[in-house]
Amino acid sequence: MNNLLDDYLRIHNTNMNQLSLHSGIPESTIRNINTRPLNKWTLGQIKAISHLLRKDILIVLEELNDYEQLTLIKENEIPVGKYSIENRRYIGSKTKLLPWITTLIKENTKGESFLDIFSGTGTMIKAALEDYDTLIMNDFLYSNEVIYKAFFANEEYSIDKLIEIKEEFQMIKTNKFDDLYMEDNYGNKFFSINDAKIIGEIRERIELKADINKKEKAILIASLLYSADKISNTVGHYDAYRKIKDIEDKFRFELINPIDTADKKIDIYREDANELARKVKADITFVDPPYNSRQYSRFYHVLEVLTKWDKPPLTGVAMKPPVENVSEYSKVSAPIVFENLINNLSTNYIVVTYNNTYNPKSSSSRNKITHEEIIQILNKKGKTQVFEKPYRYFNSGKTDLKDHKEMVFITEVNRNECS
Ligand SMILES: C[S@@+](CC[C@H](N)C(=O)[O-])C[C@H]1O[C@@H](n2cnc3c(N)ncnc32)[C@H](O)[C@@H]1O
């Protein structure tokens, strides 16, 4: 089933219900649009979306078109369940820009191995899969690592077994093996009380299953993360939840669709990017660091807690765990760590993405490294080309940048600099 509208609205932190309320189009019609390919949508419907998102209609059309193309590429997906790797809200995700970025990479670089050193959602590796023999991915978050293992790790798993477990999980009505950790901490905050209970129960049962291998366990945890994230009572991250009196029960456990990587070498790391840079080599390295002071480990803390499942004490209004994985890229030291990373990479081409969010109203959206600093650092390594795409910034309302631009820098590393 096509899910283009639902997915597109979700990555803009809204949904089909909001579109219906905003435009007056009945929800049944909107659900119907969601099942149809883009070329069957009417101009009026696209105008309504553009109005809701406060984005130019041509940009909406271009993005929808790119996103449809991207999500139609399902040849390398194994259709086990409901969620493709792209079906996720994630700050700084380049998913919508991948058709543009991968074309630039193909036209301006060559090689057989590809490293994505800040992989985030991991969608870049899916888009790059057919062009390289070796693909290396890395992110310091535990939740991202388990998602990569679930989608990409080259290990056996039984689809029948996973479907049987999914059916077991979908029947769960309350907690039997788990304690009250989820309900007490997240109930009526990030999830309804009952959904929190069920999510905890499923996570505990995954932990207790003795007859699953590592890949099956990763698939089950990633499926739980995708299913929980889909219905969480947030604007897309867990820095805060919406203040709602009685949150509705919406949770349903669905499986992810793993990716066929059978003839590929896939290496998955959960390391600090600057440390990993000293250990691995790749022909092409993709560098998409955090841009601003927002710490990913604090924004996705609920997914981290669900993945690690060591039940730490949670504090504050947003019920956060003890601090870990604080990124230097989100601090004033960003230009220094960036230069250190670039200098330590063993690679022939460096591809950096960054956006020109220089003067936003909210200081947490302000860039930590400037365009000039990036150019200066990259130019020391080799000839650097800069590509720009006008792109309206997604944000929760505070920052509205008319001239927001997404940039790609491609550096061909000087021969004497290559290892
Ligand atoms: C801009 S996002 C990458 C988005 C990704 N390209 C995508 O399209 O989904 C930056 C990522 O870097 C990770 N990160 C931040 N600092 C890191 C560090 N020092 N080492 C490794 N990963 C880091 C964050 O967890 C986040 O997922």
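**Helix packing, cores and ligand shell in a predicted model**

Helix H11 (residues 193-208) packs with H12 at an angle of about 170 degrees, their axes lying 10 Å apart, where axes are lines fitted to C-alpha atoms, for helices over the stretch in contact, and angles run from 0 to 180 degrees between N-to-C directions. H11 is therefore roughly antiparallel to H12, given that angles over 145 degrees count as roughly antiparallel, those under 35 as roughly parallel, those of 65 to 115 as roughly perpendicular and the rest as oblique. Helices (H or I, at least four residues) and strands (E, at least two) are DSSP runs, numbered from the N terminus. The model is a predicted one, in which local features need pLDDT of at least 70 and side-chain atom pairs count only at pLDDT 80 or more, while totals for chains, interfaces and linings use all residues. Residues are numbered from 1 along each chain as its sequence is written.

From H11, the contact with H12 is made by Asp-195, Ile-199, Ile-202, Arg-203 and Ile-206, and from H12 by Lys-217, Leu-220, Ile-221, Leu-224, Ala-228 and Ile-231; two residues are in contact if their C-beta atoms, placed from the backbone, lie within 7 Å. By class, the contact of H11 with H12 comprises 8 nonpolar, no polar and 3 charged residues, with Ala, Val, Leu, Ile, Met, Phe, Trp, Tyr, Cys and Pro counted as nonpolar, Asp, Glu, Lys and Arg as charged, and the others, Gly among them, as polar.

Leu-220, in helix H12, is buried, with 27 other C-beta atoms within 10 Å; a residue is buried if 20 or more other C-beta atoms lie within 10 Å of its own, exposed if 12 or fewer, and partly exposed in between, C-beta atoms being placed from the backbone. The C-alpha atoms of Leu-220 and Arg-203, 17 residues apart along the chain, are separated by 8.7 Å, and, leaving aside neighbours within four places in sequence, Leu-220 is in contact with Ile-165 and Ile-206. Lys-230 also has its place in helix H12, but this residue is partly exposed, with 18 other C-beta atoms within 10 Å; the C-alpha atom of Lys-230 is separated by 8.4 Å from that of Arg-89, 141 residues apart along the chain.

Phe-190 lies in the loop between helix H10 (181-186) and H11 and is buried, with 26 other C-beta atoms within 10 Å. Leaving aside neighbours within four places in sequence, Phe-190 is in contact with Ser-232, Asn-233, Thr-234, Tyr-238, Tyr-241 and Val-302, whereas Phe-190 and Lys-217, 27 residues apart in sequence, are 24 Å apart in space, C-alpha to C-alpha.

The largest nonpolar core has 91 residues, and those with the most contacts inside it are Ile-199, Ile-219, Ala-222, Leu-224, Leu-225, Ile-350 and Val-351. Helix H12 (residues 214-231) gives the most to this core, with 9 residues. Apart from this core lies another, of 11 residues, among them Leu-9, Leu-19, Ile-33 and Tyr-67. A nonpolar core is a set of buried Ala, Val, Leu, Ile, Met, Phe, Trp, Tyr and Cys residues joined through C-beta atoms within 7 Å. Not counting residues up to four places away in sequence, Ile-350 touches Thr-285, Val-287, Ile-342, Leu-345, Leu-378, Lys-381, Thr-411 and Val-413.

The ligand is surrounded by 22 residues, the closest being Gly-92, Phe-118, Gly-120, Thr-121 and Ser-327; a residue is near a molecule or strand if its C-beta atom, placed from the backbone, lies within 6 Å of it. The shell around the ligand divides into 10 nonpolar, 8 polar and 4 charged residues.

Most residues other than glycine have a negative phi. Asn-13, although not a glycine, has a positive phi of about 60 degrees; its place is in the loop between helix H1 (4-11) and helix H2 (16-23), and Asn-13 is partly exposed, with 17 other C-beta atoms within 10 Å. For Lys-311, a residue other than glycine, phi is likewise positive, near 50 degrees. Lys-311 is placed in the loop between helix H15 (301-308) and helix H16 (334-344) and is partly exposed, with 14 other C-beta atoms within 10 Å.
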